[in-house]
Amino acid sequence: MLASAARRSCRRSSSQIRRLLGSSAPPAVVPGPCIVPKRGNDILNDPWYNKDTAFPTTERDRLGLRGLLPPRVMSFKEQYERFINSYRSLENNTRGEPESMVALAKWRILNRLHDRNETLYFRVLIDNIKDFAPVIYTPTVGLVCENYSGLFRRPRGMYFSANDKGEMMSMIYNWPAEKVDMIVVTDGSRILGLGDLGVQGIGIPIGKLDLYVAAAGINPQKVLPVMLDVGTNNKKLLEDKLYLGLRQPRLEGEEYLAIVDEFMEAVRARWPKAVVQFEDFQMKWAFETLERYRNRFCTFNDDIQGTAGVALAGLLGAVRAQGLPLQDFPNQKIVVVGAGSAGIGVLNMAKQASLRMPGIHITEGHNQFWVLDKDGLITKAREGLDPAVAGFARGSGPDEIPDLQEGASLVEVVKKVKPHALLGLSGVGGIFNEEVLKAMKESDSPRPAVFAMSNPTTKAECTPDDVFKHVGENAIFASGSPFSNVALGNGKTGYANQANNMYLFPGIGLGALLSGARIISDGMLEAGAECLASYITDDDIQKGILFPPVSSIRHITAQVGAAVLRAAVAEDLAEGCDDVGPKELASMSELETVDYVARKMWYPIYSPLVSKK
Ligand SMILES: NC(=O)c1ccc[n+]([C@@H]2O[C@H](COP(=O)([O-])OP(=O)(O)OC[C@H]3O[C@@H](n4cnc5c(N)ncnc54)[C@H](O)[C@@H]3O)[C@@H](O)[C@H]2O)c1
Ligand SMILES: O=C(O)C[C@H](O)C(=O)O
Ligand SMILES: [Mg+2]
């Protein structure tokens, strides 16, 4: 399936879906009424229902709002323009100020709107996703997490701490929404490449769920960001007077797992069909929890599984850019720097892709990868070799070509291997230095690929400017956090692709949710990755464009979601969602599935409010 079938399924319906999802044109539906279980000020203080000055006079009468707002009724369009104008003046007024100060000011203005009026917030987010994703997601979300305790004004999401042991089953009923579809949970132990940020890591689930709403059209009333606070080993935070989390070292072993188990059971008790995404757990717990829950809950680990699909899509794009058929993938030499949750996830999925490549027979022992961690090249001679990486460890000694010793440095590996692709998931900013990149110039590929996937921007292994300067104009570049394209002269552009799991996780979650799948299988994840890999046209690939623009994220998410849903149906895992059962899902054509997924997406429009009180 890897090659043409997925390509067909993802591109065929593009124009129809674009019509459905085009950001400027809201769907031509009249929103149904929304029953509000409150009145008066309680409505104005609830961002789910609040319309600020846009409440029409009839609603002001019905809901007890008369006199609580200035008399002028503004239209949604006027409110929208007012917000965008104030955002743009903030941009103008802060020109030349320190980057982090400006980034936080932008985050604050968006966050205030999020706290006040979700409909308007998500509409501006959807329409301006390219500009706003870097504010609510990487890189600014990293800065927000680092400063979270000081920035804290209002809570968002739920916090389950080690002190709540035995209480979670009842605590979960404190959440005000009747139904939750999508949960993103972290324990804050590996926030982007910034390490253990304890309770402050809650910013990550919040940012990921903002993307679930904007990209996958999950109703914001049905998302839940969760922090599992089991302590922190970050000394600086433990000593910080403002720190808002538990001031104790992280729980370990069975004590730790008991907390996660209890949380998962509490979720199952209240929302048995919710999808749970694990995010930014340190490696040992990322793998352990994935194995522990993946066959019992509808869950996935985004850093291991979402990232793998995005990296694979990029690597397959790099094969196409060389004018080669995908069947050449097993011959590509790939150096992976970072053997953590993300690196190992990528290695496993890329190896499976090689083994499944149609028309090619390779054996389990095939190894096209060179993997480095903080101690250099990983070989079979490594003491205490981690079983997760053992299958990718190189031999050492005369049989190994090229001859590279245990712990060999990155530059030595690149010089000797001359890889087609160099992939960074190390969390170490600037590690692809001038010497490494100049060595990449001697790559055996006519289009050497350099993926600096670590986040946030400060942790990127290199910049696109460095790559096009030192590797050459024929290089292909992708990074986890956004960079600007590079003007190469003569009107040519060096494309700075964003290889971030945001191109997959919203579609994985959405497809799993709408299929009503019991679990998220490898087949469902592969279908999503193949859909992404096949999305870009050959013309774009030749230019060095590997991923769609962020502005089309809702479009690509509908396609990925449909591919995931169809895989769930094919594997007999789908149990259906709401009033659409598994038989009906199975009867849908590819195009009908994409249409169905697109139509299920929530879109921010003010609904007429009717009071229940
Ligand atoms: N672009 C994306 O979509 C995406 C997705 C997931 C993770 N990431 C990023 O990838 C990075 C790693 O994430 P992770 O979950 O794998 O972390 P991790 O802590 O599990 O793994 C980090 C790995 O990097 C290795 N490393 C550290 N210093 C090194 C050095 N000097 N040279 C070579 N290797 C070194 C470590 O030994 C370890 O194997 C983070 O910055 C994260 O933000 C990006
Ligand atoms: O959060 C991101 O931007 C991507 C990824 O999940 C990461 O941990 O870096
Ligand atoms: Mg992550």
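This is a predicted model: local features need pLDDT of at least 70, side-chain atom pairs count only at pLDDT 80 or more; totals for chains, interfaces and linings use all residues.
The shell of residues around ligand 1 divides into twelve nonpolar, 13 polar and five charged, where Ala, Val, Leu, Ile, Met, Phe, Trp, Tyr, Cys and Pro count as nonpolar, Asp, Glu, Lys and Arg as charged, and the others, Gly among them, as polar. Residues are numbered from 1 along each chain as its sequence is written, and chains are lettered from A and ligands numbered from 1 in the order in which they are written.

Let me stay with ligand 1 for a moment. Of the 30 residues around it, those that come nearest are Gly 193, Gly 340, Asp 373, Ser 454 and Gly 480, and a residue is near a molecule if its C-beta atom, placed from the backbone, lies within 6 Å of it. Helix H16 (302–321), helix H17 (341–356) and strand S8 (369–373) each supply at least two residues of that shell; helices (H or I, at least four residues) and strands (E, at least two) are DSSP runs, numbered from the N terminus.

Turning to ligand 2, the residues around it are Tyr 137, Thr 138, Leu 192, Asp 280, Asp 302, Asp 303, Asn 455, Gly 480, Asn 500 and Asn 501, and by class they are two nonpolar, five polar and three charged.

Leu 192, in the loop between strand S3 (182–186) and helix H12 (203–216), has a positive phi of about 45 degrees although it is not a glycine. Leu 192 counts as buried because it has 26 C-beta neighbours inside 10 Å, the cut-offs being 20 or more other C-beta atoms within 10 Å for buried, 12 or fewer for exposed, and partly exposed in between, with C-beta atoms placed from the backbone. As background, most residues other than glycine have a negative phi, and most peptide bonds are trans.

Finally, there is another cis peptide bond, joining Ile 401 and Pro 402, with omega about -10 degrees, and Pro 402 is found in the loop between helix H18 (387–390) and helix H19 (410–417).
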